[in-house]
Amino acid sequence: MKKRKLSSDFEVSVIGLGCMGMSHGYGDPGDIDEMVKVIRESHELGIYFFDTAEVYGSYTNEELVGKALKPIRNKVKIATKFGIQLHDFKQTLDSRPETIRKSVEGSLKRLQTDYIDLYYQHRVDQNVPIEDVAGTIQNLIKEGKILHWGLSEAGMETIKRAHAVQPLAAVESEYSMFWRNPENDLLPLLEDLGIGLVPFSPLGKGFLTGSINKDTKFAKNDFRSTVPRFRKENIEANQKLVDFVKEIAAAKDISPAQMALSWVISQKSWIVPIPGSKKISHIKDNIIASDVEYTSDEMHEINNRLSEIVIHGDRYNANSQANVGK
C-alpha cells in the first residue's frame with residue numbers, strides 16, 4: 001500500500017484502520033479471536049496504521065489491538081487517546097497532567113508495548129489549559145513513552161496553542177462527503193502548520209456505502225440510534241447524497257464505499273482516513289480506494305455538485321462529549 005506523511009517525520013499507510021467498532025459503538029462487539037484475525041489480515045494487506053482509545057469498549061479495545069499487534073509491533077504504528085474517563089458509567093473529560101500519566105501507563109500495558117506512536121487528546125478539556133496538556137506530553141516524549149502527539153476534534157485556537165508548545169503530528173476529526181465543515185477552517189490551518197489530518201467516519205458512519213435507508217433499524221447499543229442524522233426523516237432527505245455517490249461510483253466502475261473513501265484521500269496529500277470494519281471483505285474493498293485517481297476537472301465538478309446538496313440533521317446530540325472543542 002502507498003504511504004503518506006502526516007507530518008515531516010511521521011509516515012503511515014495511506015489508509016488506516018479504525019478499531020473502535022470492533023469493541024463498541026456499532027452494535028454487539030465482535031468475537032475477540034475473529035477481530036484479532038481481521039486486524040492481522042489487514043496488516044498483511046498493507047495497512048500498518050491502527051487507531052484505538054482507552055475509553056473504547058471501556059478499555060477493552062486497546063487490549064484487543066495490543067493482542068493482535070504484539071507479534072508485529074515493530075511493523076505497525078499505533079494511535080490511541082486519553083482525556084475521556086468513565087465514572088459511574090458516564091464519560092467525563094479529564095486531561096489533568098496526573099490523569100494523563102495514569103492513562104499512558106494503562107494504555108502501554110493494555111497495548112503490550114513500550115511506546116505509543118501517536119497519542120491524541122480525545123477531546124479538549126476546558127478545565128485544563130492546553131499548554132499544561134502539551135507540556136505533559138512533551139515530558140512523556142522525552143521519556144520515550146510517546147513518539148508523536150495529536151488532538152481530536154479540537155478548535156482552531158487550541159490547535160495553534162498546543163502546536164506552539166509541542167508540535168502536533170496530526171489532528172483527528174470527522175471528515176467525509178457527509179461532513180465537509182473541516183474545509184472551512186481546519187484544513188487551511190493544518191496545511192499552514194504542517195499537521196496531518198486523520199479523518200474518522202470517512203464513510204459517513206456507513207451512510208455513504210448505500211447500505212442504510214429510511215427503514216434501517218439501529219440496535220440500542222449502536223450509537224447511530226441517537227444521532228440526529230440517522231433519524232428516519234433525515235436519512236430519507238439525505239438520500240440525494242447517496243444517489244450522487246452511486247452515480248460517480250458507477251462512472252468510475254468502483255463501489256460507493258470506494259468512491260467516498262477515495263474522495264477523502266484525494267483532497268490533500270496529508271490526509272489519512274481510518275475507516276472501521278469488523279469484516280475483512282469490507283477492508284479489502286476499502287483498500288482498493290487508495291488506487292482510485294481523479295483528474296482536477298473531475299474533482300472540481302464533484303465538489304461543485306456536492307456543494308449543492310443540503311445535508312439534514314446534526315451529526316451529534318447537543319449535549320454529546322463528541323462535540324468539537326474550542
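Two strands pair if DSSP finds at least two bridges between them. Helices (H or I, at least four residues) and strands (E, at least two) are DSSP runs, numbered from the N terminus. This is a predicted model: local features need pLDDT of at least 70, side-chain atom pairs count only at pLDDT 80 or more, and totals for chains, interfaces and linings use all residues. Residues are numbered from 1 along each chain as its sequence is written, and side-chain values use heavy atoms, with hydrogens and water left out.

**Stop 1: the sheet**

Select strand β4 (residues 49–51) and β5. They run parallel, joined by 3 bridges. Pick F50: its bridge partner in β5 is I78.

Strand β5 (residues 77–82) is joined to β8 by 4 bridges, and the two run parallel. K81 has Y120 in β8 as its bridge partner.

How enclosed is β5? Of its 6 residues, 5 are buried, so β5 is largely enclosed by the rest of the structure. Buried means under 20% relative accessible area, exposed over 50%, partly exposed in between (1.4 Å probe, protein chains only).

The open sheet has 7 strands in the order β3-β4-β5-β8-β9-β10-β11, with parallel pairing. β3 (17–18) and β11 (196–200) stand at the edges with a single partner strand each, so one side of each has no neighbour in the sheet.

Next, show helix α6 (residues 186–193). It lies across β10 (170–174) and β11, at about 145° to β11. Axes are lines fitted to C-alpha atoms, for helices over the stretch in contact, and angles run from 0 to 180 degrees between N-to-C directions. Contact means heavy atoms within 4.5 Å.

**Stop 2: a helix pair**

Select helix α2 (residues 60–69) and helix α3 (residues 97–111). Their axes are 7 Å apart, at an angle of about 45°. That makes α2 oblique to α3. Show the contact: E62, E63, V65 and G66 in α2 meet S107, R110 and L111 in α3.

**Stop 3: the cores**

A nonpolar core is a set of buried Ala, Val, Leu, Ile, Met, Phe, Trp, Tyr and Cys residues joined through side-chain atoms within 4.5 Å. Which residues touch the most other members of the largest core? Among its 84 residues, they are I39, I137, I159, M177, M259, W263 and I302. Helix α9 (residues 256–267) gives this core its largest share, 7 residues.

Centre on M259. Beyond its neighbours within four places in sequence, M259 contacts M177, V245, I248, A249, I254, Y294 and I302. Finally, select F49, L118, A170 and V272, which are included in a second, separate core of 14 residues.

Technical notes. Parallel < 35°, antiparallel > 145°, perpendicular 65-115°, else oblique.
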